[in-house]
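Here are some notes to read alongside the structure, written for someone meeting it for the first time. Please keep the view open as you go through the points.

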Amino acid sequence: MAASSLSLSPNPTFTASTKPSFPPSYHTTPHFVKFPNTSQTPTHLIVKPLTTHSPRASLSSIIPRATATPTTSTTQTSFHGLCYVVGDNIDTDQIIPAEYLTLVPSNPEEYEKLGSYALIGLPSSYTTRFIEPNENKTKYSIVIGGYNFGCGSSREHAPVALGAAGVAAVVAESYARIFFRNSVATGEVYPLESEGRICEECRTGDTITIELAESRLINHTTGKEYKLKPIGDAGPVIEAGGIFAYARKTGMIPTN
């Protein structure tokens with residue numbers, strides 16, 4: 001088979017292409033597409049805030065509160081009572097020791113019993129008992145703590161035990177996040193954050209008022225007032241009695 005041959009010109013020539021011509025408007029028209037400006041946000045991006053005035057479930061409802069349907073009553077906006085003061089790093093073993101976790105909060109009798117052991121794990125340096133012997137309820141409806149309150153395990157029994165004992169709110173400099181979340185999810189106590197170390201200025205037995213709407217704590221014994229951080233979106237959930245009660249109240253899940 002004969003091989004094909006390729007011959008090249010010894011002096012190839014190249015012809016420059018003619019420069020294309022463009023209309024005059026080409027050099028003055030911006031090289032971008034301009035979209036009309038609108039001041040309205042697309043409807044699919046609008047987020048409506050959750051608003052609710054659902055009441056907080058009472059202790060007489062099905063226990064735990066997270067499984068209860070909220071009752072109809074006046075919305076709680078303030079708490080008044082005696083305070084019990086603790087320090088930093090109060091862990092869940094001090095709030096409710098592991099030996100009492102066999103108690104089932106959904107059983108009303110065991111729920112009350114669980115409350116009788118609240119803060120029983122505190123060291124002996126706390127000479128004032130949170131709950132008197134042979135009592136199920138505490139006379140201290142407000143607990144004031146320091147840094148990292150509720151650290152340790154993820155047991156939801158910690159806020160449940162405080163709520164069962166009669167605690168309405170905990171005020172601390174900061175929280176372990178799992179305790180904060182469990183408090184909101186169960187609706188047992190309001191986990192409020194202070195803007196300073198209130199635990200160093202209050203004493204166990206002081207008379208306290210907490211104004212939720214104003215994010216303010218008043219110590220009537222010393223005459224001092226303290227600013228609290230707003231509870232924010234967690235407030236309506238706790239007010240409803242926990243995450244499930246809130247979901248039922250707002251129609252997220254069916255109400256039986």
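1. Cys83 stands opposite Ile142 in β2. Strands here are DSSP runs of E with at least two residues, helices are runs of H or I with at least four, and both are numbered from the N terminus. Four bridges link β1 and β2, which pair in the parallel sense; two strands count as paired if DSSP finds at least two bridges between them.

2. Before going further, please note that this is a predicted model, where local features need pLDDT of at least 70 and side-chain atom pairs pLDDT 80 or more, while totals for chains, interfaces and linings use all residues. Residues are numbered from 1 along each chain as its sequence is written, and side-chain values use heavy atoms, leaving out hydrogens and water.

3. Now step back to the whole sheet. It is open, has seven strands in the order β4-β3-β2-β1-β5-β6-β7, and its pairing is mixed. At the edges lie β4 (190-193) and β7 (224-227), each pairing on one side only. From one strand to the next the twist averages 30°, with axes taken as lines fitted to C-alpha atoms and angles running from 0 to 180 degrees between N-to-C directions.

4. Strand β2 (residues 140-144) also runs parallel to strand β3 (residues 169-172), joined by three bridges. Look for Ile144, which stands opposite Val171 in β3. With β5, strand β1 (residues 78-85) pairs in the antiparallel sense over five bridges, and Phe79 has Ile210 of β5 as its bridge partner.

5. Finally, have a look at helix α4 (residues 177-186), whose buried residues are Phe179, Phe180, Asn182, Ser183, Val184 and Thr186. These pack against several elements, including α1 (92-95), α3 (157-165) and β4, where contact means heavy atoms within 4.5 Å. Just after α4, Gly187 takes a positive phi of about 70°.

Note on methods: Buried < 20%, exposed > 50% of the residue type's maximum accessible area, 1.4 Å probe, protein only.
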